[in-house]
Amino acid sequence: QAPIKATCEDMSCKTGFPEDVHSAVVSRSVHGGQPLLNVRFRSCDGNKKIHFGSSEPEDFRVGEDGVVYAERSFQLSAEPTEFVVSAQDKETQEEWQMRVKLTPEPAFAGASEKDQKKIEDIIFPWQQYKHSGPLKRQKRDWVIPPINLPENSRGPFPQELVRIRSDRDKSLSLRYSVTGPGADQPPTGIFIINPISGQLSVTKPLDREQIASFHLRAHAVDVNGNQVENPIDIVINVIDMNDNRPEFLHQVWNGTVPEGSKPGTYVMTVTAIDADDPNAQNGMLRYRILSQAPSSPSPNMFTINNETGDIITVAAGLDREKVQQYTLIIQATDMEGNPTYGLSNTATAVITVTDVNDNPPEFTAMTFYGEVPENRVDVIVANLTVTDKDQPHTPAWNAMYRMTGGDPTGRFTILTDPNSNDGLVTVVKPIDFETNRMFVLTVAAENQVPLAKGIQHPPQSTATVSITVIDVNESPYFVPNPKLVRQEEGLLAGSMLTTFTAQDPDRYMQQTSLRYSKLSDPANWLKIDPVNGQITTTAVLDRESIYVQNNMYNATFLASDNGIPPMSGTGTLQIYLLDINDNAPQVNPKEATTCETLQPNAINITAVDPDIDPNAGPFAFELPDTPASIKRNWTIVRISGDHAQLSLRIRFLEAGIYDVPIVITDSGNPHASSTSVLKVKVCQCDINGDCTDVDRIVGAGLGTGAIIAILLCIIILLILVLMFVVWMKRRDKERQAKQLLIDPEDDVRDNILKYDEEGGGEEDQ
């Protein structure tokens with residue numbers, strides 16, 4: 001530490017820097033934003049606006065008050081660092097320059113005992129300038145360089161640092177004090193000052209890792225407490241000592257690297273921290289690998305960047321199938337890796353070699369065999385087994401099977417068993433033994449991911465699958481099915497309708513001819529010959545039957561063989577019945593009501609014919625000639641092909657019920673006609689044409705509710721009578737039973753007669 005003094009020897013005023021070269025001693029470690037020194041600049045005119053600048057703006061910055069700050073953190077070299085500080089008048093653009101030389105302070109441990117015991121004085125600075133009045137104290141224009149104090153000092157304590165004094169202590173009795181963290185603020189009591197002598201001391205060892213620097217402010221007051229000097233700032237930097245070992249963020253680090261990786265492949269990064277100053281050697285770490293296990297195929301498969309901790313591969317030959325995991329012991333040493341003075345620590349790096357698809361699947365046999373019954377689907381016919389040296393249950397191990405030949409119609413598929421990795425050859429389409437008796441499939445095995453670059457599939461990745469088809473007894477089938485027959489209705493019973501036969505697909509089995517039977521015949525119209533399949537009628541075919549839908553009648557027949565096991569097939573015979581004019585039309589409705597007067601008295605009727613066109617409408621309507629009263633009282637007029645209108649011919653017809661025969665003829669060839677009786681009720685009507693005598697009849701009768709009530713009463717009365725009869729019978733029985741018990745003379749045992757001779761004759765009776 002160099003002595004710092006402020007004097008007033010030169011009382012003359014000259015604008016500019018007081019010296020051409022300013023030298024200062026600062027700590028070797030410089031932090032960004034740290035104040036280093038104060039450049040003094042005299043201005044004879046207090047109104048000048050001065051702007052300061054630095055020739056090295058990236059490293060140093062000069063404030064408006066002349067304080068020089070470090071722009072970044074760096075280490076001063078052993079040689080003095082020089083730069084130029086300039087001052088420029090903003091109005092006149094006049095410029096002054098001064099060269100600054102910064103010398104790093106020597107290491108504390110290397111200072112002589114005399115230097116260590118030498119206590120420097122810090123004097124409150126002041127300057128004078130002339131005005132019309134007396135001399136006045138000017139605001140200080142420089143700062144005190146920081147005091148550097150090593151951490152973990154062994155004392156003795158309190159240890160004296162510097163003495164703070166004012167040049168006015170010769171004329172005044174002054175009292176000195178310090179304030180700030182470490183003095184009167186937490187942590188308190190670390191720094192103390194003798195209020196009389198101004199001696200500043202430290203009371204205990206410091207720890208840079210807890211507090212790296214202390215910023216104190218020194219005060220000078222008189223005995224009355226009046227401020228004599230402006231406070232000055234004192235910065236105490238705690239010099240780092242190498243008292244902390246490096247510590248890894250994790251004791252065990254896990255990383256992965258693909259097998260077959262080339263040298264220089266990044267694996268992982270390990271990181272350690274040191275609580276010491278990272279900008280000093282105490283906190284500068286270096287990494288190295290102490291050991292590797294296993295050492296196969298090379299003891300130096302990996303290397304580590306000694307500054308960043310990045311681990312990379314340096315040798316080829318990583319093979320997961322041989323070595324799945326490597327364990328490295330990593331050492332971190334401070335003091336830039338100095339093995340003599342640096343402190344060290346270790347951690348473990350576990351590197352897992354991950355699998356890549358460098359081993360193709362290989363079949364365990366060149367040919368596999370299987371068999372399947374014909375017409376069976378969703379059955380496994382063969383199991384294909386493969387081996388793969390890659391890691392199980394990974395995309396590089398999971399097998400996929402692809403048929404390259406032998407199945408042009410796609411009757412097979414190959415699924416993969418997820419547990420065993422086997423290929424399951426499965427039938428997905430029915431196979432006919434009579435068409436194909438054997439299949440020879442060519443199958444290739446692959447993985448879910450492509451093989452690694454440079455790896456080819458060997459011949460063992462392809463195999464042959466021979467599948468034999470087994471003949472089974474198949475069901476006979478009708479041709480065609482369904483079979484359509486067009487036939488006019490009315491075909492008489494016993495007529496031959498058609499022949500409906502089936503075929504047996506089993507050409508290579510020794511079987512007898514097929515047998516036929518009827519399975520479904522809703523109207524029971526048909527029968528089939530069991531040998532030749534000839535179908536004949538057993539009843540007249542009627543298109544108007546309830547079993548015929550849309551002119552179509554369906555019957556189902558069964559054909560059975562005698563194979564093992566016996567098989568059968570069904571066929572449907574569809575009979576399309578052609579209509580004939582076998583039904584005469586009828587009138588609808590059967591009953592009607594009209595008024596006894598001529599107007600209004602029209603009745604609308606409709607002709608209904610179960611036949612269809614052309615054996616139905618249009619219809620002809622007429623009244624019969626007999627009896628003569630029909631045409632005399634009534635008249636009928638056709639209003640459309642299916643509808644006619646019946647009305648009174650006379651002006652008045654007495655109320656009553658009349659049967660009116662109507663002759664209806666259809667349009668068939670030949671025609672079919674019928675006489676339908678329409679029951680007409682003639683009644684008296686009101687002005688609206690509604691019958692009035694019908695209301696009278698209804699009014700005279702009993703309602704439905706009354707009839708139900710009468711019936712209920714009759715039923716209840718019958719039940720009461722029945723219960724009374726039962727009660728009377730039971731009473732008589734009880735009376736008779738009581739008389740038997742009371743009269744002993746009526747005991748049947750007293751009525752037995754004993755005879756001494758056989759054959760009592762007529763008296764025995």
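Before the first click: a contact here means heavy atoms within 4.5 Å. Select Asn633 and look around it: leaving out residues up to four places away in sequence, Asn633 touches Ser647, Leu648, Arg649, Ile650 and Leu653. Asn633 sits in helix 2, residues 628-633 (helices are DSSP runs of H or I, at least four residues, and strands are runs of E, at least two, numbered from the N terminus). Is Asn633 buried or exposed? Buried, at 13% relative accessible area (buried is under 20%, exposed over 50%, partly exposed in between, with a 1.4 Å probe and protein chains only).

A word on the model: it is predicted, so local features need pLDDT of at least 70 and side-chain atom pairs 80 or more, while totals for chains, interfaces and linings use all residues. Numbering runs from 1 along each chain as its sequence is written, and side-chain values use heavy atoms, without hydrogens or water.

Next, pick Asp625 and Lys631: they form a salt bridge, with the closest N and O atoms 2.6 Å apart (a side-chain nitrogen of Lys or Arg within 4 Å of a carboxyl oxygen of Asp or Glu). Asp625 is exposed at 59%, and Lys631 is partly exposed at 36%.

Now jump to Arg217 and Asp233, whose side chains meet in a salt bridge at 3.0 Å, N to O. Arg217 is in strand 16 (213-222) and Asp233 in strand 17 (232-239), so the pair ties together parts 16 residues apart in sequence.

Last stop: Glu336 with Arg286, another salt bridge, at 3.6 Å between the closest N and O atoms.
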